[in-house]
Amino acid sequence: MIRVLVADDSRVMRQIVIRTLRQAGYDWDVREAENGAAGLAAVRADEPDVVLSDWNMPEMTGIEFLRALRREGFATPFGFVTSEGSPEMRATAEAAGALFLIAKPFTPEAFREVIEPALA
């Protein structure tokens, strides 16, 4: 079973992401983190198969989380699920090694469109 880490400072948004994953047909083993620092600790303890992270979080942002993972040698597939999707953010995410950026509001179809190629 695929293991996913969902990092978002909003518990409600983590639940929405998890529900949307399930609606998209992904019945994965889900772990949660309330910010990038907690997410980094979770990956260090037990690397998941994929990370879905918000961008704007306290303590450590999503982009800082991704950059820290890459600096430490983790190649974990990483995607952003965030409220902003500007071309600049998308370019920054891609340059840091993110596989995709899904902007809110999102649909199960949007998840499938980016996750399928990422996991192929």
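## Reading the model

Helices are DSSP runs of H or I with at least four residues, strands are runs of E with at least two, and both are numbered from the N terminus. This is a predicted model, in which local features need pLDDT of at least 70 and side-chain atom pairs count only at pLDDT 80 or more, while totals for chains, interfaces and linings use all residues. Residues are numbered from 1 along each chain as its sequence is written, and side-chain values use heavy atoms, with hydrogens and water left out.

## The overall fold

Let's start with the big picture. The protein has five helices and five strands. Read from the N terminus, these elements follow the order β-α-β-α-β-α-β-α-β-α. The radius of gyration is 13 Å, close to the 14 Å that the globule rule gives for 120 residues, so the protein is as compact as a globular protein of that length. Here the radius is taken over C-alpha atoms, and the rule is 2.2 Å times the number of residues to the power 0.38. The C-alpha trace spans about 30 × 30 × 30 Å along its principal axes.

How much of the protein is buried? Buried residues make up 46% of the 120 residues. A residue counts as buried under 20% relative accessible area, as exposed over 50%, and as partly exposed in between (1.4 Å probe, protein chains only). Contacts, meaning heavy atoms within 4.5 Å, also tell us about the fold: of those with a separation of 6 or more, 64% are between residues 24 or more positions apart.

## Surface and charge

The protein exposes about 5900 Å², and carbon and sulfur atoms supply 51% of that area. Such areas come from the Shrake-Rupley method with a 1.4 Å probe; for residues, only the protein chains shown count as cover.

There are 13 positive and 19 negative side chains, and the centres of the two sets lie 2 Å apart. In this count Lys and Arg are positive and Asp and Glu negative, while His and the chain ends are not counted. Each charge is placed at NZ of Lys, CZ of Arg, CG of Asp or CD of Glu.

## Salt bridges across the chain

Side chains of opposite charge can pair when their charged atoms come close. A salt bridge is defined as a side-chain nitrogen of Lys or Arg within 4 Å of a carboxyl oxygen of Asp or Glu, and the whole structure holds eight of them. One of these joins Arg3 to Asp49, with the closest N and O atoms 3.9 Å apart. Arg3 lies in strand β1 (residues 3-7) and Asp49 in the loop between α2 (36-45) and β3 (50-53), so this pair ties together parts that are 46 residues apart in sequence. Arg3 is partly exposed at 22% relative accessible area, and Asp49 is partly exposed at 32%.

Asp8 and Lys104 form another salt bridge (3.8 Å, N to O). Asp8 is in the loop between β1 and α1 (11-23) and Lys104 in the loop between β5 (100-103) and α5 (108-119), which puts the partners 96 residues apart. Are these two residues buried or partly exposed? Asp8 is buried at 3% relative accessibility, whereas Lys104 is partly exposed at 22%. Arg44 and Glu72 also meet in a salt bridge (2.4 Å, N to O). Arg44 is partly exposed at 49%, and so is Glu72 at 38%. Salt bridges that share partners join Arg3, Asp46 and Asp49 into one network.

## Two backbone details

Most residues other than glycine have a negative phi, and most peptide bonds are trans.

Glu59 is a residue other than glycine with a positive phi, near 70°. Glu59 belongs to the loop between β3 and α3 and is exposed, with a relative accessible area of 71%.

## Two helix residues

Thr20 is in helix α1 and is buried at 4% relative accessibility. Beyond residues up to four places away in sequence, Thr20 touches Phe106, Thr107, Pro108 and Phe111.

Arg112 is found in helix α5 and is partly exposed at 30% relative accessibility. Leaving aside neighbours within four places in sequence, Arg112 contacts Gln23, Ala24, Tyr26 and Pro117. The C-alpha atoms of Arg112 and Asp9 are separated by 23 Å, and these residues are 103 residues apart along the chain.
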